[in-house]
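Biologist: I would like a close look at a single part of this model. Please keep the answer plain.

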Amino acid sequence: MHSLGRLFGIGLVAAATIATAACGSDSDSSEASTTTAAATTGLECTADDVVVDGGYGDVPTITIPDTCDPPTTLITKDLVPGSGPGAAAGQPLTMNYELVTWSNKETLDSSFQRGTPFQLTLGAGQVIEGWDQGLLGVQQGARRLLIVPPDLGYGAGGNGVAPNETLVFVTDAVQVGG
């Protein structure tokens with residue numbers, strides 16, 4: 001199924017390239033077009049399509065595939081299990097995280113690299129909605145993958161994030177509760 005989607009995506013890119021090359025401009029304007037169409041595969045990625053290397057406490061390496069489209073719903077997956085009670089709304093959390101943006105596959109932010117975990121109160125609106133929802137139930141010592149669609153992230157953009165960007169976080173629950 002992935003091969004069929006990949007073949008379809010390659011065909012779309014090839015058709016777009018040919019159509020673009022065939023279209024000339026007789027305008028002397030130096031203004032470049034800012035409209036671009038993102039190629040899609042027709043297949044939505046799952047948590048298993050995103051590859052994360054590194055164990056709990058290590059700076060993770062996150063590899064986002066080109067063979068599928070970003071998911072349109074929040075995806076969570078525990079990569080390393082934790083222990084103890086799961087986090088509930090209203091509880092303080094101390095988290096380490098690595099953030100990679102889907103569109104350019106580059107690290108945008110990392111508490112791991114800063115060497116300082118991030119503290120928040122879960123469900124208090126201190127973070128994006130994707131975190132408030134995606135970290136519910138996380139246990140201390142867990143490493144969790146969060147794939148956050150734009151409507152649960154920064155939507156129209158902000159904080160250095162492009163408009164309608166899908167966000168990929170790998171989080172380590174350093175402390176759950178107070």
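Which strands each supply at least two residues of the lining of the second largest pocket?

Modeller: Where pLDDT is low, the predicted coordinates should not be read in detail.

The strands you ask about are β4 (92-101) and β5 (107-110). The second largest pocket holds about 220 Å³ of space. Of its 13 lining residues, Y97, L99, D109, Y154 and F169 are the closest to the centre. Sorted by class, the lining has 10 nonpolar, 2 polar and 1 charged residues.

K105 sits in the loop between β4 and β5, while D66 is in the loop between β2 (61-63) and β3 (75-80), 39 residues apart. K105 is partly exposed, at 33% relative accessibility, and D66 is exposed, at 64%.

Another salt bridge pairs D78 with R144, at 2.6 Å between the closest N and O atoms. Here strand β3 carries D78 and strand β7 (residues 143-148) carries R144, 66 residues apart. D78 is partly exposed, with a relative accessible area of 37%, whereas R144 is buried at 7%.

D172 and R143 also form a salt bridge, 2.6 Å from N to O. Because D172 lies in strand β8 (residues 167-176) and R143 in strand β7, this pair ties together parts 29 residues apart in sequence. Both D172 and R143 are buried.

Definitions and conventions
Residues are numbered from 1 along each chain as its sequence is written. This is a predicted model: local features need pLDDT of at least 70, side-chain atom pairs count only at pLDDT 80 or more; totals for chains, interfaces and linings use all residues. Side-chain values use heavy atoms; hydrogens and water are left out. On a 1 Å grid over the protein atoms alone, a cavity is a set of points where a 1.4 Å probe fits but cannot get out, and a pocket is an open set with protein on both sides within 12 Å along at least five of seven lines; lining residues have an atom within 4 Å of a point. Grid points are joined across faces, edges and corners, and a volume is the space filled by probe spheres set on the points. Helices (H or I, at least four residues) and strands (E, at least two) are DSSP runs, numbered from the N terminus. Ala, Val, Leu, Ile, Met, Phe, Trp, Tyr, Cys and Pro count as nonpolar, Asp, Glu, Lys and Arg as charged, and the others, Gly among them, as polar. Buried means under 20% relative accessible area, exposed over 50%, partly exposed in between (1.4 Å probe, protein chains only). A salt bridge is a side-chain nitrogen of Lys or Arg within 4 Å of a carboxyl oxygen of Asp or Glu.
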